[in-house]
Protein chains: 2
Amino acid sequence: MISERSFEVLRAIVQDYVSTREPVGSKTLIERHAFGVSSATIRNDMALLEEEGLIHAPHTSAGRVPTDLGYRLFVDRLNELKQLSASERQAMETLLTDTVDLDEILGRSVRLLSRLTNQVAMIQYPTLGGAKVRSVELVSVGETRVMIILVSDNGRIQQHVQDLGTELQAEEIVKLRNLLDSKLRGAALVEVAKLSADLGSTLSPQQSTILSNLVTPLLELVDSNRQDKLMVAGTANLVRSEGDFGGNISSLLDAIEEHVVLLRLISEMEADHDEVSLRIGSENQIEGLTSASVLVTGYGNQAQTVAKVGVIGPTRMDYSSNIAAVRAIARYLSKSLGA
Amino acid sequence: MISERSFEVLRAIVQDYVSTREPVGSKTLIERHAFGVSSATIRNDMALLEEEGLIHAPHTSAGRVPTDLGYRLFVDRLNELKQLSASERQAMETLLTDTVDLDEILGRSVRLLSRLTNQVAMIQYPTLGGAKVRSVELVSVGETRVMIILVSDNGRIQQHVQDLGTELQAEEIVKLRNLLDSKLRGAALVEVAKLSADLGSTLSPQQSTILSNLVTPLLELVDSNRQDKLMVAGTANLVRSEGDFGGNISSLLDAIEEHVVLLRLISEMEADHDEVSLRIGSENQIEGLTSASVLVTGYGNQAQTVAKVGVIGPTRMDYSSNIAAVRAIARYLSKSLGA
DNA sequence: TATTGGCACTCAGGGAGTAAGAGTGCTAAC
DNA sequence: GTTAGCACTCTTACTCCCTGAGTGCCAATA
C-alpha cells in the first residue's frame, strides 16, 4: 500500500528518533537523509504514514514519533544487520576462553549482553528439553540427609538435599543409587515420572518407602526444569532511559524482578535457532511491559533450542544493533554448551 | 553539649522528614509534637543543631533536613525499636514453614525483607567460616568429566565439574574419591590446602597427575567461599525513592549490581550476632553509595556469624523499622540454618 | 538565663504573559 | 507527483511578580 519512499521515510524517522530521542520533523529529515525531494513531499508521505498508524505526532507542532506498529514494520523489513565492532568481537573472544562452570558462563554472558546493548539483558537457564538422564547419584550428606544428583546429557547438573528421617547405611545408599541409576540412565527426562512408578518391586517395604521419598524430589528436579531460572543484568540501563517510558519504571523493574512472569512471556515467544522473536510495546499484554520491547532468541546445543536469551528495553531502541548482539551471544552460548 | 530538648527536636525533625519527605520548619514542628514551648524557642534549638552540623537548610526560607551526622546521632540514641506488625509476623511464619533448599530460603528471605522495608534488600550467601568438611564426593559426569562435590558441615554443598582429559574407569573414580574423602573428612576448610599437599604418595604417576587436576578445583571451591555470592531484591524500591538521591540512581544501581563491591563493603562492616552495623551516606566512601545508607547485621548458626543480611536505601529512611526488620530476618535465617 | 511575641527579610515555587521557533496542513502553481 | 509559500498551531523557555513558609534577631518578660 505505502510506497517505497514512504517506507524509507519511516525508516529514517525510526533511526533519527532512536538516536536523538526527539520527535523528527520533515525539515530535519531532508537535511540528514538525502531523499531527492523537498520537505513538502516528505510531509505528504508523513501524513500517509500517520494515516496508516505507523507514526504519530505528540502534539500539533511537533515532529513525528514511530508508533509500536511503525517499529514493527521497520523491524520486519530490516534486512541488513549491524556488525559487531572489533572491540565487541574482542570482548566475545575473551569471554569464550576458559570458563567451564555454567553459572559463570551465563553470568558473564548476561553482563556482556547488557553492556553491548545498553539494555537490560536476560538469559534463561538451559532447560532440559528433550535431554536425557546421563546419571543419577545419591550421596550421603550427614545424619539422615541424602543429596540426590541428576546429571543430564546437556551438561546440566541439579541437586537436591532430602531428609529421609532415618539413618541409612552406606551400602543401602549404594544399592538405592544403583537401582535408580540403572533404571533411569539414558531415559528421556520426560519419561522419568513413568519409569519411577514401577521401581522397587524387589525391595523390602521399608526400603521402598525410602525410595518413594527419594523419587518425589527427583521428579521435582525434573519438573523444576520447566519453571526454570532466569539471570538478569543491567537494570541500571533502564533508569538511564527512564524518559522513554512513562516514568513507569518502577513497575517495569518489579515485572523484571518477577522472573516467573518474564519466563512465561519468554516461553510464549517462539524463537528457533538464529531466529529472533520480538514483542514491541503494546504487543506485550503483560502489565508493566506495555511500553517496553522484549527481544529474544533461542540458544542451545546441537540444533535443538534449549533456552532463550534476550534484552528488554524501551520501544525506542536500536533494534538493528540489539538483534545483532543478541544473536551473537546466542551463537556463543550454543557453542559453549555444545562442547 | 546539646540539651535534652534539642535532641528531642532533632528526633522530631528526623521523624517528620522521613515521613513527609519535606524539610520541616519550626512551626509545623510544634504543631505535630507537643513540646511545651513556642516556635521561637524551637528556632533557637534548631540554630544550635545547625551549628553542630546535625541539620541543614536547603535554602534560607525552607525548613531543616537532617544531615548524615544528624541521622547518625539519631540512630545512635535510638533505643526503642519498632515491633513488627501482626501481618509482618504472619509473613515470617509462613516463610518459616517448609523450604529446605538454601537458595530457596535465601530467595524468599530477601524478597520478604525488601517488602518489609521497602528498600533494596540483600543477603550474603553463608560463608564457610570455621566450617569443616563433611564429605567429598566424585561423580562421573560422562566422558572425561568428573563432578567434585564438597559438603561442609554447615549444610552448604558446592560442586564443580572438571574435565580431566582422559577417561576414567569407575573403579578409579571410587578409589580417588575414597582417598580424598578419607584424608579431608572432618578437616577444617582452612586446612584443606595444606592437607591436599601431601596426598597421592601411594599412587602411580599417572594417577597423581589426575589427582592434582582434581585438587586444584577443590581448592577453588573452598576459596570461592570467601569471595562469595550475594542475593539482591527490591531494586524497584530504589526508583520509587529516586528523589531522595541526587537523581544518581543509575550509578547506584550499577554499584548494587556489582556484587563484588557490595560484598567488600559488607565484609568491612563489623556486625556480630544481633548487632546492627550502619553506614550513613557519606560514611560510605564507595562511589555511588555516598548518598545511600547501608544497614547490615550478621546471621549464622550456633552463635557464630556466618554471613550478613541487610538493606540499602536513601539516608532518609525509617531506620527504626528497618533495623527491626533486618534483625528479624537475621534471627529467622539463623534459626533456619541452625536446623 | 531561658523563653517568648513581634517583625523585617529571604527565597522557592507557582501562575501569567510573551516571544521564538519548529512543524504542520493546505493551496495553488509547476 | 512535486514544490513553494503561507497561515496557523503549539510547545518551550523566559521573565516578572506575588504569595507563603520559614528564618534570624531583638526587645520584653518571667
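Which residues are the closest to DNA strand C? In this predicted model, the answer draws on both protein chains: Gly25(A), Ser61(A), Val37(B), Thr60(B) and Ser61(B) are the closest of the 23 residues that surround DNA strand C. Helix 2 (26–32) and helix 3 of chain A each supply at least two residues of this surface, and so does helix 3 of chain B. Helix 3 of chain A gives the largest share, with five residues. Sorted by class, the surface near DNA strand C holds eight nonpolar, eleven polar and four charged residues.

Now turn to DNA strand D. Helix 3 (39–51) of chain A contributes at least two residues, as do helix 2 (26–32) and helix 3 (39–51) of chain B. For DNA strand D, the largest share of the surface, five residues, comes from helix 3 of chain B. The classes here are eight nonpolar, eleven polar and four charged residues.

Next, have a look at how the two chains meet. In the contact between them, 27 residues of chain B face 27 residues of chain A. On the chain B side, at least two residues each come from strand 4 (133–140), strand 5 (145–152), strand 6 (157–163), helix 10 (235–240) and helix 11 (249–257). That side of chain B is made up of 13 nonpolar, seven polar and seven charged residues.

Let us stay with chain A and pick out helix 4, residues 68–76. Its buried residues are Gly70(A), Tyr71(A), Leu73(A) and Phe74(A). Looking down the axis of helix 4 of chain A, you will find these buried residues within an arc of 165°, so they line one face of the helix. They pack against helix 1 (4–20), strand 1 (55–56), strand 2 (65–66) and strand 8 (276–280) of chain A.

Strand 8 of chain A leads us on to a sheet. Five strands of chain A form an open, antiparallel sheet in the order 7-3-10-9-8. Strand 7 (230–233) and strand 8 of chain A stand at the edges with a single partner strand each, so one side of each has no neighbour in the sheet. On average, neighbouring strands of this sheet are turned by 15° against each other, direction ignored. Strand 8 of chain A pairs with strand 9 (residues 292–299) of chain A in the antiparallel sense, over five bridges.

Conventions:
Residues are numbered from 1 along each chain as its sequence is written. Chains are lettered from A and ligands numbered from 1 in the order in which they are written. This is a predicted model: local features need pLDDT of at least 70, side-chain atom pairs count only at pLDDT 80 or more; totals for chains, interfaces and linings use all residues. Helices (H or I, at least four residues) and strands (E, at least two) are DSSP runs, numbered from the N terminus. Ala, Val, Leu, Ile, Met, Phe, Trp, Tyr, Cys and Pro count as nonpolar, Asp, Glu, Lys and Arg as charged, and the others, Gly among them, as polar. Two residues are in contact if their C-beta atoms, placed from the backbone, lie within 7 Å. A residue is buried if 20 or more other C-beta atoms lie within 10 Å of its own, exposed if 12 or fewer, and partly exposed in between; C-beta atoms are placed from the backbone. The arc is that of the directions from the helix axis to the C-beta atoms. Two strands pair if DSSP finds at least two bridges between them. Axes are lines fitted to C-alpha atoms, for helices over the stretch in contact, and angles run from 0 to 180 degrees between N-to-C directions. A residue is near a molecule or strand if its C-beta atom, placed from the backbone, lies within 6 Å of it.
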